[in-house]
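Here are a few notes to read beside the structure. Keep the 3D view open as you go.

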Amino acid sequence: MTERTLQRRFLDETGLTFGQWHQQARLLFALERLARGDRIIDVAMDSGYTSQSAFTAMFRRHFGAPPSRFYC
């Protein structure tokens, strides 16, 4: 199977591109960790972000609030 065929089939089956799916998987992982009370910096690094600020910016874009206020 070619890469393009795989991309089309993934989109058809999930309704998301692989990149969108991957970001949602990372967000779900982060939400679970934050709910357990893990430190934001640890969640950011374990989610694959190079800095806490990059993670916070993505989180805020997606949820409308920074991770520090999400479970308050």
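1. Start with Arg33. This is a predicted model, and in it Arg33 is buried, with a relative accessible area of 11%. The cut-off for buried is under 20%.

2. Now look at the partners of Arg33. Another runs to Asp46, at 2.8 Å between the closest N and O atoms. Arg33 sits in helix H2 and Asp46 in helix H3, so this pair ties together parts that are 13 residues apart in sequence.

3. Arg36 is exposed, with a relative accessible area of 59%. Through shared partners, Arg33, Arg36, Asp38 and Asp46 join into one network. The whole structure holds four salt bridges.

4. Next, the nonpolar side. The largest nonpolar core has eleven residues, among them Leu27, Val43, Ala44 and Phe55. Helices H2, H3 and H4 each give two or more residues to this core. H2 gives the most, with four. Ala44 touches Tyr49, Ser51, Gln52 and Phe55, leaving aside residues up to four places away in sequence.

5. Finally, check Ser47, in the loop between H3 and H4. Ser47 counts as buried, at 8% relative accessibility. A polar atom of the Ser47 side chain lies 2.7 Å from the backbone oxygen of Val43. Beyond four places in sequence, Ser47 touches Arg26, Phe29, Ala30 and Phe55.

Conventions. Residues are numbered from 1 along each chain as its sequence is written. This is a predicted model: local features need pLDDT of at least 70, side-chain atom pairs count only at pLDDT 80 or more; totals for chains, interfaces and linings use all residues. Side-chain values use heavy atoms; hydrogens and water are left out. Buried means under 20% relative accessible area, exposed over 50%, partly exposed in between (1.4 Å probe, protein chains only). A polar contact is a pair of N or O atoms within 3.5 Å; within protein, one must be able to donate a hydrogen and the other to accept it, and residues adjacent in sequence count only if both atoms are side-chain atoms. Contact means heavy atoms within 4.5 Å. A nonpolar core is a set of buried Ala, Val, Leu, Ile, Met, Phe, Trp, Tyr and Cys residues joined through side-chain atoms within 4.5 Å. A salt bridge is a side-chain nitrogen of Lys or Arg within 4 Å of a carboxyl oxygen of Asp or Glu.
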